[in-house]
Amino acid sequence: MRKNIAGIVLLICLLFVSMVSHASDQNPILKADTLAAVYIDAAQLFEVYSAQVADLRKPENKDNLAAIEAGIKQHVPGEFSLSDFFQKTDEFVKAQLFVPDGAIWFSIDSSYRPFLSFKAKVKPLELLEFIENRFGKGEPVPVKKEKDLVEFEIPTPEFKISFALRTDGIYLQAQGEPAIGEPSDKWKDMLQSVADKESLMVAEVDLNNIKALVGRLNSQASHSACFTNIRILSAAIEMYAMDKEGQQMQTLDQKELLAAHYLNAELHCPAQGVYSIDASGEVVCAIHGSIKKPLEISGGSGALTSIPAQFRPFENLKIKVFKSRAEIATLINDKNLREQCVALGKQQLLTARNIAENQMGQLPEAEKQKSLKILDSIKIMEDGQSLKVSLTGVDEKTIIAGVAGFIGTMSAIAIPNFQRARESARAKACGANRRVLAGATEMYEMDTGKTMKELDISTLENEKYLKSAPVCPDGGKYSLRRDSTGIMIDCSIHGAE
Ligand SMILES: [Zn+2]
Ligand SMILES: [Zn+2]
């Protein structure tokens, strides 16, 4: 019964993916900076799903169907009828608008450029009409709408994403990106597993690259926050020198600037770099350099602190599902830690088995033994430098049901997380913009003695207090506000500090 629920989850996933995208047997371009790649044998899974649904709809399985329906109702709000759902699916399948006949490939690189290809026989225009009839016309509007090609453009601040329904599948990719190419060496193992005829799903996540990306985003944010400090310090020193009849401050003394009200507060580099004044009178940060001579910061070291401790040791994550076995492996170079993880994993597995055994009290003995056998087929071990969890000796249907459940769970977890990561990077960039604007306004007011009633970016730009006008990555509007600590800049989307 649980298998069937998993099958339904799979169909929902397939339909979901089919609405969003669809495509070809070609590999995505697996570059050195690809963060994650997923391969799913959709045609095979779709076949098994169809067989399971057909089985479930036989009259002798009526009770089983009702039990599943009741189970779904507990989790899905509103009216839901499985028979209705099947009937709608039938219409869809019968219309042959979209029939998976190959693989799903998904990948994403460190600039968040997505690639999705879902190989299927598609009737593009009819599929679009089917979706529009059922869900209404929405945004974006197709840029091309022909019988054999429907194309959308999804703009992002950095690049356009093209989404196309073609007769051979559904494709999603960043415009201008080559769809295929020589993969980087590090994806060899994944491609080998994909080439195995038994493989149903293969996924790999490059955690090292993700860590480096987080580090880069953090160091960019810290760089721009530091330079805002430097701009404010430079303005304060300039004011100080003017008021002292041109006597320059030789060594940076923030306490004195503070006491004489050239500064509102002492300023500290977010990366703990020490500020000083160099021979040419420029304010310099020991880590980030000066505005005229910024120093290159490597992403690595500062990165780790922002990653939860338990994820830091993992270098990559590999998930492989074959017809009668599955494995999850992660590279952990630290030997001690690897051994600890294996011991902990074995202990947790034992606990899970005990819990399962107790909860299965009312199940028929045969079902009980079958479930326990699956749990007993899970092994946790060291495999070279990796920690490996494997499931062996199970039948094809069990594995496929497991994969279906896994995909459902993963997409539920991963999609919101990905969005959040992206949103927080944009919010950080916007925050840096707001600090730059506040600093520039402060300098402008100190120099001119005027008070800006409303934020006037073009004046700040024309009078060289800004190199260029900062733009919120999400298109928010900036406005000026004053409070007890001084000038604050708010964003209509990202709010205040
Ligand atoms: Zn600094
Ligand atoms: Zn903003």
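Let's start with helix α2, which covers residues 42-56. Its 15 residues reach 21 Å from the first C-alpha to the last, close to the 21 Å expected at 1.5 Å a residue. Keep in mind as you look around that this is a predicted model.

Which residues of α2 are buried? They are Ala42, Leu45, Val48, Tyr49 and Gln52. If you look down the axis of α2, these buried residues fall within an arc of 130 degrees, so they line one face of the helix. Now turn to the face pointing away from that buried side: here you will find Ala51 and Ala54, which are exposed.

Next, find helix α10, residues 335-359.

How many of the residues in α10 are buried? The count is one among its 25 residues, so this helix is hardly covered, given that a buried residue needs 20 or more other C-beta atoms within 10 Å of its own.

## Where α10 meets α11

Helix α10 has a partner to look at: helix α11, made of residues 365-376. The axes of these two helices come within 10 Å and cross at roughly 175 degrees. Angles over 145 degrees count as roughly antiparallel, and α10 and α11 are therefore roughly antiparallel to each other.

Which residues make the contact between them? On the α10 side they are Ala352, Arg353, Ala356 and Glu357, and they meet Ser371, Leu372 and Leu375 in α11. Sorted by class, this contact has four nonpolar residues, one polar residue and two charged residues.

## Two loop residues with positive phi

Finally, have a look at two residues in loops. Tyr112 sits in the loop between β2 (98-109) and β3 (114-122). Its phi is positive, about 60 degrees, although Tyr112 is not a glycine. Is Tyr112 buried, partly exposed or exposed? With 17 other C-beta atoms within 10 Å, Tyr112 is partly exposed.

The other residue is Gln272, found in the loop between α8 (254-259) and β9 (275-277). Gln272 is also not a glycine, and its phi has a positive value near 65 degrees. There are 10 other C-beta atoms within 10 Å of Gln272, and an exposed residue has 12 or fewer, so Gln272 is exposed.

Notes
Residues numbered from 1 in each chain as written. Chains lettered and ligands numbered in written order. Predicted model: local features only at pLDDT ≥ 70, side-chain atom pairs only at ≥ 80, totals over all residues. Axes fitted to C-alpha atoms, helices over the stretch in contact; angles between N-to-C directions. Helix = DSSP H or I, 4+ residues; strand = E, 2+ residues; numbered from the N terminus. Parallel < 35°, antiparallel > 145°, perpendicular 65-115°, else oblique. Contact = placed C-beta atoms within 7 Å. Nonpolar A, V, L, I, M, F, W, Y, C, P; charged D, E, K, R; others polar. Expected span 1.5 Å × (residues − 1). Arc of directions from axis to C-beta.
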